[in-house]
Amino acid sequence: RPRQVRLVVPIAVAFSPGSVPGDLPRPLPFRDVQEMEITVNLRTSVTSHYEMVYRGTTAQEEAALAAATAREADAALRPLQDVSMGSLTMYVVPETSSLLPQGISVYVGKHRSALVRAGGSLAALQARLQQVTQLMSFTATSMAAALSDRVPDGRLSPDARRYLKSSLGYEITFSLLNPDPKSHAVDWDIEGAVNCYVKPVLDKLSLVANFSVDSQILYYAVLGVTPRYDKESSSFLLSTHSLPHVINPVEARLGSSAASLYPVLNFLLYVPERSHSPLYIQDKDGAPVSTNAFHSPRWGGIMVYNVEASASPQASLPLHVDVDMARVMEVFLAQLRLLFGLSREELPAEFLLESPGNEGLADWELDHLLWAHTVENIATVSTTLTSLAQLLDKIGNIVIKDDVASEVYRAVASVQSAVAKLGKGHLYSAFQASKEAVTSSERAFFDPSLLHLLYFPDDQKFAIYIPLFLPMAVPILLSLAKIVRETRQRKKEPTKMD
Amino acid sequence: FQDQAEQFFRSGHTNNWAVLVCTSRFWFNYRHVANTLSVYRSVKRLGIPDSHIVLMLADDMACNPRNPKPATVFSHKNMELNVYGDDVEVDYRSYEVTVENFLRVLTGRIPPSTPRSKRLLSDDRSNILIYMTGHGGNGFLKFQDSEEITNVELADAFEQMWQKRRYNELLFIIDTCQGASMYERFYSPNIMALASSQVGEDSLSHQPDLGIGVHLMDRYTFYVLEFLEEIHPASQTNMNDLFQVCPKSLCVSTPGHRTDLFQRDPQNVLITDFFGSVRKVEITTETISLDRDLAGFESEFPEGELATEPLKYAEQLPVAQIIHQKPKQKDWHPPGGFILGLWALIIMVFFKTYGIKHMKHVF
């Protein structure tokens with residue numbers, strides 16, 4: 001049976017005066033629906049259902065749009081918007097408006113709205129609107145990545161499945177690696193940095209999952225690769241080819257948390273030895289990377305922090321190093337975003353995205369994560385329950401305990417509620433229902449009592465029971481034969497006697 | 001274009017796991033423990049950390065009272081290579097190595113009190129290496145000299161893993177007698193299997209050591225190890241080379257392999273895809289801009305006052321479940337009615353044959 005999940009995105013399109021295209025089908029305000037089917041495989045498809053409400057701007061909105069810059073307009077518009085998760089508001093400004101800079105036709109704010117320059121005809125505007133709404137909610141690619149389990153192999157490149165899977169929680173570990181404590185006495189105010197920079201981002205992400213943070217310092221931990229000395233720049237270089245081998249020798253010492261079963265994200269800050277300073281990471285073209293950092297999907301990131309060489313060779317060792325935590329956190333938090341799949345790299349040139357600042361991610365990026373995780377959760381639950389049902393069909397001896405049964409019922413109810421809520425456009429409650437569904441279904445599937453050690457192959461059944469019953473059966477069968485013969489004889493005798 | 005083509009043939013995994021199982025008990029099965037520890041050593045050398053290795057050894061050879069060289073397990077004659085080393089981490093030891101625990105590790109149906117080191121926490125992008133050694137026969141592998149795992153159970157366990165996407169690709173290596181029978185029944189995708197001998201053949205051991213008094217290793221694993229010693233984390237050797245290891249002239253048995261369930265061509269599968277841990281990396285080119293002038297996030301609790309949550313004692317055992325547990329379902333017995341019916345039939349036939357009048361002699 002094909003499974004249909006409808007993702008409803010409520011969108012309001014407000015036309016400011018002078019931006020209304022001439023070829024509107026109906027006078028404002030009116031509603032329109034755009035549907036698009038994203039097919040993942042023969043049996044799974046997701047329908048995106050954009051409910052557009054076209055209207056004119058209110059007086060307050062116009063006053064906000066009269067601001068000097070797009071950023072101020074965005075800030076002023078925020079209180080006037082529908083702020084429920086998953087909904088979007090587009091403000092269309094006239095083609096000649098100076099609100100958007102030259103050459104920019106779309107400005108995406110840090111909440112859930114965008115300013116779009118009118119394009120003349122309705123069709124051109126709708127094309128632009130579609131691009132923006134897909135960027136701010138979900139695209140066919142992001143849905144295929146969320147449902148990557150079901151995409152037939154060969155259609156997705158291996159790299160498409162590299163984002164973190166949806167999980168109830170994540171552990172973040174910040175580690176400082178100091179291979180040369182004799183030369184560098186490194187001080188990092190990690191607590192302060194976590195409170196100042198990391199906490200706001202995690203508070204925002206706490207709508208998606210639980211996060212816990214810990215930190216450690218490791219001494220005499222070396223990278224597994226020897227960097228090459230480059231005379232021209234008088235620095236040491238790590239080429240891209242050697243990067244994959246850097247992580248393994250360190251990983252054994254990182255100590256993934258023994259207490260929690262959540263995926264661990266490791267962020268390592270490496271202060272190179274004095275004899276190998278300064279150390280730069282080379283990209284494919286041989287140029288040093290500006291961030292001096294690299295990351296590994298589903299694992300974490302590493303940043304190399306170079307200590308300024310002290311001018312005088314007589315400076316007493318160890319040198320005291322105060323790490324610039326802001327610079328470090330800028331890279332680590334960017335890597336955290338990339339691990340979750342929030343990248344701002346591939347955008348059309350005419351789009352301008354507002355930086356989210358210390359919050360780390362814009363509201364619509366949060367929505368992006370919620371859409372992907374909700375759909376992924378729903379797909380996971382249905383796969384889990386289906387395979388659980390298949391397992392129970394195949395092996396009839398397994399006993400289902402009451403609590404396992406109740407978890408299954410709860411999972412089914414939650415996933416149905418999640419699909420229903422997605423169909424109504426309530427993203428956050430759909431996400432919560434999907435989380436409950438995943439928790440229940442995992443608890444049911446991985447219950448320790450469902451072990452199928454009761455397998456009796458047919459030939460083993462014969463091997464056990466034949467030696468037991470065959471000797472016993474021989475006299476019985478012979479006696480039965482004797483009885484049958486006697487009965488037949490007795491039947492014949494009366495006729496004879498007569 | 002070359003880059004894209006390369007990308008297509010690469011494996012899509014992001015982490016590696018290894019489950020190494022030695023199923024034999026007793027001092028004379030020293031070679032099975034040495035086999036497993038040698039593979040463990042190679043896998044660690046090539047980069048897989050202990051946190052991603054589940055090592056199950058059914059007996060302790062290093063501290064066995066019969067070991068003339070305590071705290072060592074050698075894999076070469078003349079005691080050239082001590083595979084026990086200083087940092088062996090055995091996760092399941094001695095009597096904990098049972099079919100039930102092995103299946104629980106694979107399927108993930110583990111009691112909640114199990115520590116993290118005893119779990120296989122793989123995901124859909126994990127490549128898993130499973131190595132098993134011990135005594136086996138046609139369709140089964142003996143555990144601890146008292147129970148067996150059949151090839152059907154193993155195939156079902158792998159299918160359970162596939163259903164829950166607990167692996168991206170799986171490499172199964174088995175070094176026992178008639179090892180090829182263990183991979184005959186696999187039916188889940190993305191599994192590649194190697195065995196040391198075909199059905200009907202025995203796998204032989206390599207060399208005895210007169211100082212220790214037992215055979216040190218099995219032939220197949222010995223030659224696999226020689227092969228792996230040449231591999232380093234950056235090598236490009238592929239699986240076809242591994243299939244050629246230990247031809248019949250050296251091994252006496254005929255090693256077999258099975259690749260029909262595997263998506264990629266073995267030519268394109270690197271040894272380090274399973275034995276090592278080569279991570280995919282990406283250069284970080286994006287940064288975010290943080291406002292440093294922020295006077296510092298006001299922490300929610302003023303200095304000196306810690307929010308006190310009532311401390312709870314974490315439940316170690318599921319006490320409520322234990323107290324209210326219903327008696328465990330016993331093993332399958334034929335239904336009682338059957339036995340009764342059988343005896344009724346026997347008695348009826350007996351008395352019919354020999355006549356009711358004999359009953360008074362019986363009683």
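Trainee: What should I know about the model before we start?

Mentor: The model is predicted, so local features need pLDDT of at least 70 and side-chain atom pairs count only at pLDDT 80 or more, while totals for chains, interfaces and linings use all residues. Residues are numbered from 1 along each chain as its sequence is written, chains are lettered from A and ligands numbered from 1 in the order in which they are written, and side-chain values use heavy atoms, with hydrogens and water left out.

Trainee: What makes A:Glu365 and A:Arg337 a salt bridge?

Mentor: A salt bridge is a side-chain nitrogen of Lys or Arg within 4 Å of a carboxyl oxygen of Asp or Glu. The closest N and O atoms of A:Glu365 and A:Arg337 are 2.8 Å apart, and the pair therefore counts as a salt bridge. A:Glu365 lies in helix H8 (residues 363-394) of chain A and A:Arg337 in helix H7 (residues 325-340) of chain A, so the pair ties together parts that are 28 residues apart in sequence. Helices here are DSSP runs of H or I with at least four residues, strands are runs of E with at least two, and both are numbered from the N terminus.

Trainee: With which other residue does the side chain of A:Glu365 meet in a salt bridge?

Mentor: The side chain of A:Glu365 also meets that of A:Arg344, at 3.1 Å from N to O. A:Arg344 lies in the loop between H7 and strand S17 (351-353) of chain A, so this pair ties together parts that are 21 residues apart in sequence.

Trainee: Are A:Glu365, A:Arg337 and A:Arg344 buried or exposed?

Mentor: Buried means under 20% relative accessible area, exposed means over 50%, and partly exposed lies in between, with a 1.4 Å probe and protein chains only. A:Glu365 has a relative accessible area of 2% and is therefore buried; A:Arg337 is buried at 7%, and A:Arg344 counts as buried at 19%.

Trainee: Why is the pair of B:Glu229 and B:Arg41 said to tie together parts of chain B?

Mentor: The closest N and O atoms of B:Glu229 and B:Arg41 are 3.1 Å apart, in a salt bridge. B:Glu229 lies in helix H5 (residues 219-229) of chain B and B:Arg41 in helix H2 of chain B, so the pair ties together parts that are 188 residues apart in sequence. B:Glu229 counts as partly exposed at 37% relative accessibility, and B:Arg41 counts as partly exposed at 27%.

Trainee: How do you know that the length of helix H2 of chain B agrees with what it should span?

Mentor: The expected span of a helix is 1.5 Å times one less than its number of residues. For the 16 residues of helix H2 (residues 30-45) of chain B this gives 22 Å, and the end C-alpha atoms are 22 Å apart, which agrees. H2(B) is mostly covered, with 13 of its 16 residues buried, and just after H2(B), B:Gly47 takes a positive phi of about 125°.

Trainee: Why is A:Phe462 called exposed, and which residues form the nonpolar patch on the surface with it?

Mentor: A:Phe462 has 56% relative accessibility and therefore counts as exposed; its place is in helix H11 (residues 458-497) of chain A. A:Phe462, A:Ile466, A:Leu470, A:Val474 and A:Leu478 form the patch, with about 520 Å² of accessible area together. Patches are made of residues with over 30% relative accessible area and no salt bridge, joining like charges within 9 Å and nonpolar side chains (Val, Leu, Ile, Met, Phe, Trp, Tyr) within 5 Å. The areas come from the Shrake-Rupley method with a 1.4 Å probe, and for residues only the protein chains shown count as cover.

Trainee: What makes S7 and S12 of chain A a pair of strands?

Mentor: Two strands pair if DSSP finds at least two bridges between them. Strand S7 (residues 169-178) and strand S12 (residues 264-270) of chain A run parallel and are joined by 7 bridges, and therefore they pair. One of the contacts sets A:Leu177 against its bridge partner A:Tyr270 in S12(A).

Trainee: How many bridges join S2 and S3 of chain A?

Mentor: Strand S2 (residues 30-39) and strand S3 (residues 44-56) of chain A run antiparallel and are joined by 10 bridges. They form a hairpin with 4 residues between them, and A:Glu37 stands opposite A:Thr47 in S3(A).
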